Amino acid sequence: MSRRPAVLALTAALGAALPLAAQDSQFGVSSLGTPARQESVRARGTGGAFTLFDEMSPLAEAQLADLERGTFGAHTQVSRRTVAFASGESFELKDTRFPVLVAAGRTPWKIRIATGFATYIDRSYVVTRRDSVALRGRMEPYSDEHKSDGNVGDIRLALAGRPLKALAVGGALHLITGSTQEEVRRRWDDSVTYRNTFELEDVQYTGLGGSLSALLDVSRTLRVAGWGRLDTRLKTKARGQTVDSTDLPAQVAGAVEWHPRGALRVAAAVRWAGWSVAPGGHDTFGWSIGAEAGSPSLPVRLGVRRDLMAFGPGPDAPTELGLTAGVARQFSDGRARIELAIERIIRSGPGLDERLWTLDVGLVVRP
Amino acid sequence: MRRRALVVVLLAAACTEELTTPGVCPEFCPPGEITVVDTLLADLVGRDSAFRGYVQPYEASVMLAADVPGVIDSRATFRTNALTSRIRLTSDTTTSPVVGVDSMRIILTVPRRDTSARGLALALYRLPLALDSTTTFADLAPAFAAPPIRVVQVDSLIALAGRKDTLTGDSVTVDSAAGSLSVLISLDSAEVGYTTADSARLALGIRASVDPGAGSGVASVSIGAGETGPVITWFAKVDSLGFQTVQRGLGAGVAFDGYVYDPPAAALDSNLAVGGAPSARSLVRFARPAALFDSAQIVRATLVLVPVAAAAGSPADSFRLVAQRVATDLGAKSPLAGPSFAGDGSYFGLAYVHPGSLDTVTVDITDMLRRWQADTTAPTALFLRTDPEAGILGEIRFAPSVHVALRPALLVTYVPTFPFGVP
């Protein structure tokens with residue numbers, strides 16, 4: 001197989017994946033969901049430290065100013081999750097998602113433009129519940145199943161440019177939209193006497209947001225970046241009516257990148273999101289440190305990150321620790337690149353621990 | 001080759017999803033919960049009324065023979081067709097006259113009897129040939145007062161080896177799976193009483209009796225009518241061209257069958273009468289509240305009927321009460337919906353009524369209500385009737401909707417609309 005057909009086939013495979021949530025968590029089931037990390041595979045491979053410097057990460061915009069050619073990027077993610085409740089029960093879950101798609105290019109006015117899709121909040125789960133209820137003088141056991149499949153997505157239109165040689169700025173408008181197909185089902189043990197019930201509904205979400213970012217080249221080897229975002233309320237519609245309106249958080253992030261020599265880049269990042277505005281939410285703070293080494297055609301990446309999670313029971317936010325590694329390989333004279341990242345995530349919170357292995361496979365094409 | 005494998009793996013992985021976990025509630029369960037409402041809707045039924053005359057005793061699928069002193073006295077009756085006067089003995093067109101009968105065989109099917117009774121006997125009586133649908137219990141009283149032409153001891157026959165009386169030729173076949181009997185009665189020429197003037201037409205009546213001191217002491221049997229009615233075979237004597245007399249078996253169809261009973265059915269009143277003979281039905285109409293029919297999922301629905309008096313009928317004969325929805329609401333003439341009672345709960349609900357009992361009767365009509373939810377054009381009305389109609393003498397009367405305290409009600413369990421999207 002030549003390289004061009006291989007790249008096209010991989011593109012088709014990525015496109016065939018459904019645009020659903022990524023890296024969901026049981027901590028978010030009882031609330032809005034699990035906020036997603038809008039990172040490319042490269043950024044994931046460095047624990048998120050390079051997110052504000054990587055043009056294929058849809059979180060920020062300023063880094064697009066250095067884009068030299070039109071670029072398309074997407075990635076798919078396979079995750080295996082072990083959910084261990086405090087009761088001792090443990091369950092293995094797995095899913096495959098398609099969390100990020102980015103298309104970026106140049107305009108005639110030295111302004112770069114980008115659009116794409118990224119997951120904003122994951123909302124995919126299937127929860128079963130076993131209980132009984134007193135009906136007509138008897139306890140009637142039943143099993144409930146609540147299934148949600150889908151997410152709240154973020155469609156972005158971003159612009160970036162360099163007003164000064166050392167300063168890149170960018171901004172984006174975000175259309176927050178998406179839907180989850182939700183099913184609730186009750187199965188009675190005595191289903192002859194009591195009929196089982198089933199309801200299906202497409203729950204739709206809408207909102208708007210705006211973000212600004214800047215990237216300052218402090219020196220030839222040092223860059224700093226900042227990013228901020230504000231969103232409107234997230235409106236939830238079911239059966240054609242608005243059934244909920246939830247505040248979305250203000251978010252900020254900052255990062256520094258050090259490029260001490262040609263084959264090594266080191267970055268660190270911090271981020272904060274005010275998720276306490278949402279019901280059951282916690283403000284989150286996180287940091288990342290990551291490094292990328294090697295030639296552009298075959299870089300190797302490492303990273304570590306620690307975050308608080310936005311949702312979880314109790315007054316304290318659950319914690320998340322991630323150790324990451326990644327690699328990339330260029331093809332077609334640098335016009336295509338396959339990215340791989342693997343991540344071990346450990347989440348801990350009241351009543352629940354989660355252990356994840358995630359494998360991200362991305363494709364970046366520069367025609 | 002490696003790249004191909006990578007593509008295949010990616011395509012396969014794109015379809016994988018296993019996300020099921022047990023809920024540890026409320027901490028790790030989704031917002032919202034399926035709620036169940038179990039409530040008695042007393043004002044749902046209205047514009048109900050009773051009608052009689054749907055199935056007459058002579059249209060019933062069985063003839064009823066019962067003798068419950070002080071409660072009911074019912075006697076089966078049937079009349080045979082005329083016997084042909086000439087028959088062909090050879091292959092040519094020559095016919096020979098019937099000059100008399102040697103004997104006759106009657107086969108009766110008994111689909112239901114009180115198996116707790118002992119000493120069941122069926123007594124055959126000769127009845128006037130004028131027997132028809134207008135004949136009353138009183139009209140036949142003199143004929144039944146005469147000595148019977150034969151008394152068949154059914155329980156004794158069952159106890160005999162081979163279930164056959166070799167002296168009389170009577171026998172019984174027992175279908176234990178169906179719980180039915182087939183009684184074969186052999187009558188000789190003297191018992192038959194063949195008369196040329198009547199063209200061998202014959203009207204017979206049957207009374208049932210049991211040993212009052214044993215078992216339930218209640219005599220009550222159903223004898224097949226119509227398609228399962230008596231099978232009559234004459235063994236006729238034919239003049240064979242004046243040289244000798246030969247015997248031929250000739251079938252005689254049943255021209256009429258039915259039963260007479262005393263006391264007659266009580267007149268209808270404001271209550272919801274069901275059963276008896278001629279059969280009575282009660283039409284029950286339901287309102288269609290939007291909260292229940294438009295947005296809830298019905299889990300269980302039970303029609304609650306309160307009798308105003310103990311159900312009438314033989315104590316041994318509990319009977320089936322059927323709630324069957326109507327295809328179109330035309331009042332008393334509303335046609336029943338559904339082809340039969342075979343299994344489809346969206347057409348009917350079923351309950352058993354025990355004569356002498358004042359217990360509230362409940363009928364499960366869950367599937368019927370769910371059908372009404374799905375078909376908004378269907379009339380939300382049903383008939384209460386017995387099964388088989390006029391095949392049972394039991395009758396029950398329920399309080400109507402105008403009776404504030406005892407009116408029909410719907411005990412319904414339902415799941416309201418789930419609050420999707422509400423945190």
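Predicted model: local features only at pLDDT ≥ 70, side-chain atom pairs only at ≥ 80, totals over all residues.
Is A:Arg239 buried or exposed? With 12 other C-beta atoms within 10 Å, A:Arg239 is exposed, since a residue counts as exposed at 12 or fewer. Most residues other than glycine have a negative phi.

How far can you trust chain A? Its mean pLDDT is 90, and 94% of its residues reach 70 or more. Please take care with residues 5–22 of chain A, where pLDDT stays under 50; for this stretch the model has 47 contacts beyond four places in sequence.

One face of strand 13 is covered and carries A:Arg265, A:Ala267, A:Ala269, A:Arg271 and A:Ala273. The uncovered face holds A:Leu264, A:Val266, A:Ala268, A:Val270 and A:Trp272. Strand 13 pairs with strand 12 (residues 251–261) of chain A in the antiparallel sense over 9 bridges, and the two form a hairpin with 2 residues between them. Within this pairing, A:Ala267 is the bridge partner of A:Glu257. Strand 13 of chain A is also joined by 10 bridges to strand 14 (residues 284–293) of chain A, again running antiparallel. There, A:Arg265 stands opposite A:Glu292.

Now turn to chain B, which has 6 helices and 27 strands. Its C-alpha atoms fill a box of roughly 105 × 75 × 45 Å along the principal axes. The radius of gyration of chain B is 30 Å, whereas a compact globule of 423 residues would have one near 22 Å. Buried residues make up 41% of the chain. Among contacts in chain B between residues at least 6 apart in sequence, 79% join residues at least 24 apart.

Strand 21 (residues 297–305) and strand 24 of chain B are joined by 4 bridges, and B:Val304 stands opposite B:Thr362 in strand 24.

What does helix 6 of chain B bury? Its buried residues are B:Thr366, B:Met368, B:Leu369 and B:Trp372. They cover an arc of only 165° around the axis, which puts them on the same side of helix 6. These residues pack against several elements of chain B, including helix 5 (290–293), strand 22 (319–325) and strand 25 (381–387).

The loop between strand 25 and strand 26 (395–398) of chain B holds B:Pro388, which is joined to B:Asp387 by a cis peptide bond with omega of about 0°. B:Ala390 lies in the loop between strand 25 and strand 26 as well, and its phi is positive, near 60°. With 26 C-beta neighbours inside 10 Å, B:Ala390 counts as buried.

Terms used: Residues numbered from 1 in each chain as written. Chains lettered and ligands numbered in written order. Pairing = 2+ DSSP bridges. pLDDT = per-residue confidence, 0-100. Contact = placed C-beta atoms within 7 Å. Rg over C-alpha atoms; globule rule 2.2 N^0.38 Å. Buried ≥ 20, exposed ≤ 12 C-beta atoms within 10 Å, placed from the backbone. Arc of directions from axis to C-beta.
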